[in-house]
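Dear colleague,

Please find the structure below, handed over for your reference.

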Amino acid sequence: MASHSSPTPVAAPPLIEVRSIDWVPDEERHGRLWHQAPLWFLGNFQYFSIPIGFIGPSMGLSLGWTVLAGTLGIVIGTIFMAFHASQGPTLGLPQMIQSRAQFGYRGVLIPLLATLFTYLAFNVTDQVLLGEGLHSAFGWNANAIAVVVTVAAALLAIFGHDWVHKAFRALLYVSLPLMVIVTIGIITGHGGGGSSGTHYGFGWVAFMAQLAASAAYNITYAPYVSDYSRYLPATTKPRAVIVSVFFGASGAAIWLIALGAWLAIRLGAEDGLAGLQTAGNNVIPHLGQAVALLSALALAATMGMNAYGGMLTVLTAVDSIRPIKPTRTARVVTILVFAAVWFGIGKAITTDSVSTVFTALTLMLYLLVPWTAANLVDFFVVRRGHYAITDLFKPHGIYGSWGWRGLTAYAIGIVVEIPFMVLPQLGSWSYTGFLAEKMGGVDIAWLVGLAVTGIVYLLLSRSLDLATEQDAEAASDRELNAAQATGAL
């Protein structure tokens, strides 16, 4: 890591962000810690969170058990997410660039593919949710909605890091008090609804499905949470970042998952946005329309966040094959191409929203859990936050082209998940591992993958030459400090 012996004057940020996958020098570290909590609170304080609360009830799980499973899942997933966030200020790098230390300069392409799938899956699913939800709630044309939200998300990503933070805070300030009113109205019995004729209770399959989907929700933020903390000063305490991100991201998700479960069971809602509109209107006339629209806008803003992360992932992948200069033009072109791809896929999706959400979250969880295990074990246990930053940008640097330890641990993590997997219906195809069948369809694949990958990576890392890496880190610090002094960055 570059040394930071004294505070460096911070330059005013440009209107349109210049940085992408490159290191953020001290003089550009203009981020503020208090921005983290509202950013990640609104990141989950939107329409996508509500249908996650539909998953348990769709499988017969009662309101209380759904809320409990959702809460446990969110707490588990957010712990991992928050620890990833603390890497941003320490390194000043996008998350997946740092992953070259575990997987190698070119080997990082493997987890990059899983990460890119995550961004695409989120934005495709968001597009489907918004099209169905706004059509159901307001009768708007789903095709027009898809075009508008894609353009808006792409523009927000193009303007970059600072504008994402600003947009999220503005939406939060407006939507939070209205959602509080709706929630109080529901608690006091003014939201409508009543007892359902459907029998709801407890079942391990449904409970674990709800828990896994909820855990996946915030674990899937892990590949890019530090992208939004890398502008924080390097002196920012990691514990403060972890706490800020944890309470921001978990609070909103638990709230809206519980709300979604209530809408599904007590109101009989089949679409989260339409159900939110109905409940809000029952509390105060026309309140539901306002809350539903703001929730949809927040989800569109989150698509912009995903587009930004997708851009960083694509550029990291390209740079891992052939080193590139991360220019503003490269950022813009990548975002536009990425937007066209998710728009096209989204228009081809024909399944219902709850099925789309559940399938997307399950697949993302299976793919990302082995990566997050290797990355966190490396950062907090093996290398303890010490990296030669300049070597992360060298194909033949100290981390090598192919990090066999990370790749081996990742592959083993995926393989051991397979017998425990319970894949939701994908068209006419589904899959349940033989061990999952013996367990009655209970899905613990991600827990197995998490534990095994972490242990394997830790054992393989015992052969690392950390003394040599410390010399490389010192050389990297000198190079970065010299570049900052001369303005070469």
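**Buried charges and salt bridges**

Arg 100 is buried, and Asp 319 is buried as well; buried means under 20% relative accessible area, exposed over 50% and partly exposed in between, with a 1.4 Å probe and protein chains only. Please note that this is a predicted model, in which local features need pLDDT of at least 70 and side-chain atom pairs count only at pLDDT 80 or more, while totals for chains, interfaces and linings use all residues. Residues are numbered from 1 along each chain as its sequence is written, and side-chain values use heavy atoms, with hydrogens and water left out.

The side chains of Arg 100 and Asp 319 form a salt bridge, at 2.8 Å from N to O; the term denotes a side-chain nitrogen of Lys or Arg within 4 Å of a carboxyl oxygen of Asp or Glu. Arg 100 belongs to helix H6 (residues 100-103) and Asp 319 to helix H13, so the pair ties together parts that are 219 residues apart in sequence. Helices are DSSP runs (H or I, at least four residues), numbered from the N terminus.

Across the whole structure, the search finds three salt bridges. Arg 383 meets Asp 378 in one of them, at 2.5 Å from N to O, and the side chains of Arg 383 and Glu 469 meet in another, at 2.7 Å. Arg 383 sits in the loop between helix H15 (353-382) and helix H16 (404-417), and Glu 469 in helix H19 (residues 466-486), so this pair ties together parts that are 86 residues apart in sequence.

**Packing of H1 and H13**

Helix H1 (residues 36-44) packs against helix H13 (residues 287-321) at an angle of about 115°, with the axes 8 Å apart. This makes H1 roughly perpendicular to H13, a description that covers angles of 65 to 115 degrees. In the contact (heavy atoms within 4.5 Å), Leu 39, Trp 40, Leu 42 and Gly 43 of H1 meet Ala 298, Thr 302 and Met 305 of H13. Five of these residues are nonpolar, two are polar and none is charged.

Ser 175, in helix H9 (residues 161-187), touches Leu 42, Phe 45 and Leu 294, leaving aside residues up to four places away in sequence. At 9% relative accessibility, Ser 175 counts as buried.

With kind regards

Terms used. Axes fitted to C-alpha atoms, helices over the stretch in contact; angles between N-to-C directions. Helix = DSSP H or I, 4+ residues; strand = E, 2+ residues; numbered from the N terminus. Parallel < 35°, antiparallel > 145°, perpendicular 65-115°, else oblique. Nonpolar A, V, L, I, M, F, W, Y, C, P; charged D, E, K, R; others polar.
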